[in-house]
Amino acid sequence: MAAPRASEMVATPTDGYPTATSSLQSDTEITIKSHLPSSGTPQIALQKKSHFEFLLRNLRQGLPERYTSQDASQPWLIYWTLHGFSILGAGLDDQTKKRTIETLLALQHPDGGFAGGPGQAAHLLPTYAAICAFAVVGRPGEGGGWDAIDRNKMYNFFMSLKQADGSFLVSHHGEVDVRGIYCLLVVATLLNLITPELLAGVPDFLATCQTYEGGFGNASFPGWAFGSDDTEATTPLSSPRDPTAPRPPLGEAHGGYTFCATASWVLLQPFIKLYHPPVPGNPLPEPKINTRALLRWCVQMQGLPIELGGFKGRTNKLVDGCYSWWVGGCVVLVETLLGLAAPHIAAGEEPADEHDEDSAKAWDDADDSLFNRRALQEYILCAGQHPAGGLRDKPPKPADAYHTLYCAAGLAAAQHRVVPSKAREKAVLLTWDPVQAHAKSGATYVSPSDVERETFEELRKQMFAHALSWSEEEGTTTYVGGAANRVNAAHPIFNLTITHADGILAHFYGQMPPSRYPPRGKK
Amino acid sequence: MSDLLADDSEWADVVPIRQYENVNPIAPIFYSEEYKDATDYFRGVVKTGEMSPRVLKLTERVIRMNPAHYTAWQHRYKTVMALQVSLEDELELMDEIATMFLKTYQVWHHRRLILTALNSVDAAARELVFLKTVLENDSKNYHTWSYRQWILVHFNDEERLWAGERPYVEELLEEDVRNNSAWHHRFFVVFSSGVRAGDEDREQTLRRELSFAKEKIALAPNNLSAWNYLRGALEHTHTPFTTVTAFVEPYTASEPPATDVVDLDNPLPSAGAQLPCVAALEFLADIYEEEGGEKTAKAVEIWKLLANEKDTMRKKYWEHRIRDALQKA
């Protein structure tokens, strides 16, 4: 694949009216453009080895003093590094796994959840990072880490953070924001901690965080400060809640929050369907988001050819490699919500018989994605790679662990199309063992009635099957720079490899889902 | 320099706790001696639950070295409340720390906790002034904006808090019409957070906002922030996009129209405008799609132009819009 042509590169129009924003934009365009490989360079190679070595240095030698700012994010450093290895296709030796498990366990809080460092308070964000790192390095049994996670205490920790408007604090006395909610939902899903009481009000809260631009802000304000149509101000927090009062989003639409809110929304689909059925007179109206506006916002964040098609995190801000995942990776989630992500044929599946003739064509047809997958790869390869190893925001910034992971994961999202497969879901459901799933639950929750219990069991089953249904759509991979640039696919919701997500889910639900790659009956 | 707590007799009674005992951690950070010392003692006081004046000093010390240490903030907050120290003093110290560490979540959240405890509109009004100085240096700081919005809704005082916000936004957009944070703030003030005093006539308010957005679009037409605002105002009020057809059309042409007629409702692109404007083409296609029927074909035509020529980065998206519209038609 040839590098992008400079002739296509028209500068962002400034309409003869420069401002601080447009000047910064122009400077950035010049810098990015200068990092294009000289014309005639036929291939842009992913320097896997030097990125791998960059990450390995962090693990082996430790992190320099400037990483003190990440002292309260230690599990993140571990997750970014280890999952980075997985995306780049590198395995881990047993000794490294053992050390990692011991380190992670030192971060478990005595009252449940995980902390940013030993002796620190439990917090939803490091809890997500720790559990995802466990998914990479852990296993069942003695010394494997998984069974040393105190899920019961973790559930109680989660419930202790729950707020009346459906949101969660990130820690005791901490703030509310959708990152925390995403982290909580992922962990609760992976560890079989989902209950209706945990999820109550969460979709409504998320929906209120969507802004007029279509993306999501970081939180919303509970409506009880306002009368709905009444301009008389009521005393904050003392008046009874008016369900029609506005619950305004705080903060503008932003890539990180948009990913977190959208992934949460996708995870919550079974809950919304089972617990908010849209029937007349239902006291719980179905919470809704504007999915069309969300799609528009996501694709609008992709930069112009002169920005090499990298993604921005907000309107009129600069492209940054990390949004390759937060926004680029979000597009397939939105496609799923719009019903556009029905796969032709997912990996390991037989084409349906009645479509045998069409299927050949379907396999050829490469790309249904609604963002520019090739351009995003070009951005990551040309602008995202630091010459000394590791990936970055943009030139001339240094590489760091965070950007290395989110650029690599963004590259994965641009190379592979991973979508929910109905066939896979069906196969998973066929082997569903409700008794095991119930017995393995880590949550202390008792259904108030038999009817409710049935709905709850259905919820657990559906969330499990949905999580496992995400499969790579065959025939849709696109490797800019050639197949040597291939990285492993990431689960679009969890940001784990499919194998790691499958493994930890199967364990904590006590299930034995069928293999993804059954032997082919005919060839 | 040796001002380590380990050498300080004031701290002799506290047992410092090392971070990792019996674990050889993966990816260790090489802390400075001072940081290691302070956090060892911090873990010591967290363990005993000590809340005292010296703990305030200690948490400040940790925070100055690492403002993202949320546990230090948490313990500091508990100590401030337990000792009933002056919240005003705490806020004053926070002014300095916030200015140093603008991009840290915890800095802003701590202020919010202190403001909640203070429970005073006077303090909230002072906060708005302080935040203005912060935004002067970093006009798109996410946390600062989010916090400002929280102040407004939490204390919800029309006269003392809300009243200055729209003029403030106008000031900021005067300076940089592409500042999306300021646009979002305007939407927050005018549309998302209930009805402002003086804005009770919603039709009149919408007219004012449409004029405002149009005028800003005319100034620099390729500014997605302003188009998004126009779009948002119409959608929020369930006003058809066709309301602004006459305004949008001149921005979709290659040249500004040759006319001397000044239509105040529909300001024309500025002399320097680079036309046609992609955001206007998109808008016009949305207008046609909304009208439906025969107009759908005109929308399709624009989407094709965008896909193949004017906005090729989003080719797949524009093609999706064509499929979607034809399916519904």
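The dialogue below treats the interface between the chains and then the cavities of this predicted model.

Q: How many residues of chain A are in contact with chain B?
A: In this predicted model, 91 residues of chain A are in contact with 86 residues of chain B.

Q: What is the area buried between chain A and chain B?
A: The size of an interface is often given as the accessible area lost when the parts come together. Here about 7500 Å² is buried between chain A and chain B, and carbon and sulfur atoms give 55% of that area. On the side of chain A, the residues that lose the most area to chain B are A:Asp15, A:Tyr212 and A:Arg296, which together account for 12% of what that side buries.

Q: How many salt bridges and polar contacts are counted between chain A and chain B?
A: The count is three salt bridges. In one salt bridge, A:Arg292 is paired with B:Asp324, and their closest N and O atoms are 2.8 Å apart. For polar contact, the count between chain A and chain B is 52 residue pairs, with both residues at pLDDT 80 or more.

Q: Which elements give two or more residues to the side of chain A that touches chain B?
A: They are helix H1 (20-34), helix H2 (48-61), helix H3 (74-88), helix H4 (94-105), strand S2 (249-250) and helix H12 (291-300) of chain A. By residue class, this side of chain A divides into 38 nonpolar, 38 polar and 15 charged residues.

Q: What is the volume of the second largest cavity, and which residues are the closest to its centre?
A: The second largest cavity has a volume of about 130 Å³. Of its 16 lining residues, A:Val332, A:Ala413, A:His416, A:Val418 and A:Pro492 are the closest to its centre. Helix H17 (residues 401-415) of chain A gives the most to this lining, with three residues. The lining of the second largest cavity divides into 10 nonpolar, four polar and two charged residues.

Methods. Residues are numbered from 1 along each chain as its sequence is written. Chains are lettered from A and ligands numbered from 1 in the order in which they are written. This is a predicted model: local features need pLDDT of at least 70, side-chain atom pairs count only at pLDDT 80 or more; totals for chains, interfaces and linings use all residues. Side-chain values use heavy atoms; hydrogens and water are left out. Contact means heavy atoms within 4.5 Å. Buried area is the accessible area (1.4 Å probe) that two parts lose on being put together, summed over both. A salt bridge is a side-chain nitrogen of Lys or Arg within 4 Å of a carboxyl oxygen of Asp or Glu. A polar contact is a pair of N or O atoms within 3.5 Å; within protein, one must be able to donate a hydrogen and the other to accept it, and residues adjacent in sequence count only if both atoms are side-chain atoms. Helices (H or I, at least four residues) and strands (E, at least two) are DSSP runs, numbered from the N terminus. Ala, Val, Leu, Ile, Met, Phe, Trp, Tyr, Cys and Pro count as nonpolar, Asp, Glu, Lys and Arg as charged, and the others, Gly among them, as polar. On a 1 Å grid over the protein atoms alone, a cavity is a set of points where a 1.4 Å probe fits but cannot get out, and a pocket is an open set with protein on both sides within 12 Å along at least five of seven lines; lining residues have an atom within 4 Å of a point. Grid points are joined across faces, edges and corners, and a volume is the space filled by probe spheres set on the points.
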